[in-house]
Amino acid sequence: MRSLVLCCLGILLFGCQSMEQEPQEAPQIFTHFEPDYTYDIDDEVAQTPQVKEAVTPLQFKKTIVKKRPLKTTDLWMHIANNLHFTIYQNRALKKRISWYAKQPNYLQTVSKRAAPYLYHIVKKIEQKQLPMELALLPFVESDFRPTIASSQQAVGVWQLVGATAHHFGVKSDQWYDGRQDVLASTDAALDYLSYLHKRFDGNWLHALAAYNSGEGRVKRAIEKNKKRGKSTDYWSLSLPKETADYVPKLLALSYLVKHPQKGIKRPKLVYKPFTTQMNIGQQFDFSVIAKLSGIGSKQLHAINQGYLKNQSSPNGPHTLLLPIGQEALLKSQFFKSNFAGEYIVKQNDTLYSIARRFSMSVKALKQLNNKNNNLIGVGEKLLVGQPKTLPSTLTVDYKISPYLEHQEIAIPTIEIDYEVKSGDSLWSISQLYDVPHSDLAKWNKLSASSILKPGTQLVLFIPQAEKQKAAPIKKDLLLDLQKTLNQPR
């Protein structure tokens, strides 16, 4: 009996210690973007001798995850729960784990720089069905510094060289360097890694080594070992010292994120977006967007470091990250004025039925309409998250900037997340938000007939709500997006 009591007490104490703490909101992530960590990615301690231990190559298969991911409100816990590489503890890994353990605050420090983007990176990785370990690659590559450049002229958090970036669709000119645009470079880096994964027959260690040192160099190392009758696993290849340490750094960081008790402080970050992507649709001026959105120009530049000037390029891209989450977006006058549709209350309507119809929570509907109670009246006009239908392009007959005149522009859009509910289909969601069914499928890389599972996260790009036509204006030089968006003066 005494043993049974002691056993139960031990289980109770263990349960108390392992309770998950509430994630932090990271309130300063949009006011502090300067690098505040002094570690130089090229300044390392003495290199480890080339490790020749024969271990089974690390593999990742899309079918490896059988269990449904654990639900959590913490983004870092979500990342940890979805790390699935099998890690073999050899000398190279132990050295890297020890290095990180001597800097227990490293990940917390760098996570502050990553906070505006990390949610989006995780979603892109999940959408492409890639291993979650890739979300840690920008930490290994650059300590998540968007403007850092290596001696080899690799730039950005993913350290892309110009040729690779161009090949995978990243634009670069005097106005804009997409390698410094965190989300644009993420798309290119993930596409490149997917390509390398296929080229190396599904071996992720070979693919990661090739990402660091080049596809040809890794292939030559493999062929060299084949001719000599040696193993071709990553640990047996003769690679440059930097590459020999590169993969162990990622695996060590992955191991510590999953097992922070081994020597690192895992950050806590609320599992939600802190930024919203907006496509202006034409050349824009940062000072005008700052004025319209109420967001400081410095803040906009800090999280949109791909733009090298105060204006975007006449040839695009014209996409901005706004430092507000979806809940804050619904409250903002910027969204209410430009992207929220209008609904007239009918007989027997309730806030719940209206919210359900437009795939909103009652709380969000009340926030959007500044309501403190549930009372509504027939004929009352409510703002809802559904825009009115607009043509695909809009022709303006005045200048928005000194660089643009008489140009057809796309309608501005803003990014919204949608969680699939029971009974939803691509068609019903497209009708709900008044967006083309084919576009909704394309945005989420689905086929038009895809069956949706409840809980799946979809992304929608909501067009600007239709406004009454403004009175004709004088054809003088304007640096005022307010005119284009038909904002009241």
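A salt bridge is here a side-chain nitrogen of Lys or Arg within 4 Å of a carboxyl oxygen of Asp or Glu. The structure is a predicted model, and a search of the whole of it finds nine such salt bridges.

One of them joins the side chains of E126 and K123, with an N to O distance of 3.8 Å. Both residues belong to helix α4; because they are three residues apart there, about one helical turn separates E126 from K123.

A second salt bridge links E223 with K226, whose closest N and O atoms lie 3.8 Å apart. The spacing is again one within a helix: E223 and K226 are three residues apart in α9 and thus separated by about one helical turn. E223 has a relative accessible area of 40%, and is therefore partly exposed.

A further salt bridge is formed by the side chains of E380 and K371, at 3.1 Å from N to O. Here the accessibility falls into two classes, with the boundary for buried residues set at under 20% relative accessible area. E380, at 25% relative accessibility, counts as partly exposed, whereas K371, at 17%, counts as buried.

The largest nonpolar core holds 74 residues, of which F139, W158, Y211 and L253 touch the most other members. Several helices supply at least two residues each to this core, among them α2 (75-81), α3 (91-101), α5 (137-142), α7 (182-199) and α10 (241-258). The greatest contribution is that of α4, with 11 residues. The surroundings of W158 may be examined individually: leaving out residues up to four places away in sequence, W158 touches I121, L134, L137, P138, E141, V182, S185, T186, A189, L190, L193 and Y211.

Apart from neighbours within four places in sequence, S213 is in contact with V218 and T243.

The remaining topic is the sheet. Four strands form an open sheet in the order β2-β1-β7-β8, with antiparallel pairing. Because β2 and β8 (457-463) stand at the edges and each have a single partner strand, one side of each is left without a neighbour in the sheet. On average, neighbouring strands of this sheet are turned by 35° against each other, direction ignored.

The individual pairings can be followed across the sheet. Strand β1 (residues 276-279) runs antiparallel to β2 (residues 319-322), and four bridges join them; M278 stands opposite L320 in β2. On to β7 (residues 413-419), β1 pairs in the antiparallel sense over two bridges, and N279 has T413 of β7 as its bridge partner. Between β7 and β8, which also run antiparallel, there are seven bridges, and I414 stands opposite I462 in β8. Strands of a sheet pair through backbone hydrogen bonds, either parallel or antiparallel.

Methods: Residues are numbered from 1 along each chain as its sequence is written. This is a predicted model: local features need pLDDT of at least 70, side-chain atom pairs count only at pLDDT 80 or more; totals for chains, interfaces and linings use all residues. Side-chain values use heavy atoms; hydrogens and water are left out. A nonpolar core is a set of buried Ala, Val, Leu, Ile, Met, Phe, Trp, Tyr and Cys residues joined through side-chain atoms within 4.5 Å. Buried means under 20% relative accessible area, exposed over 50%, partly exposed in between (1.4 Å probe, protein chains only). Contact means heavy atoms within 4.5 Å. Two strands pair if DSSP finds at least two bridges between them. Axes are lines fitted to C-alpha atoms, for helices over the stretch in contact, and angles run from 0 to 180 degrees between N-to-C directions.
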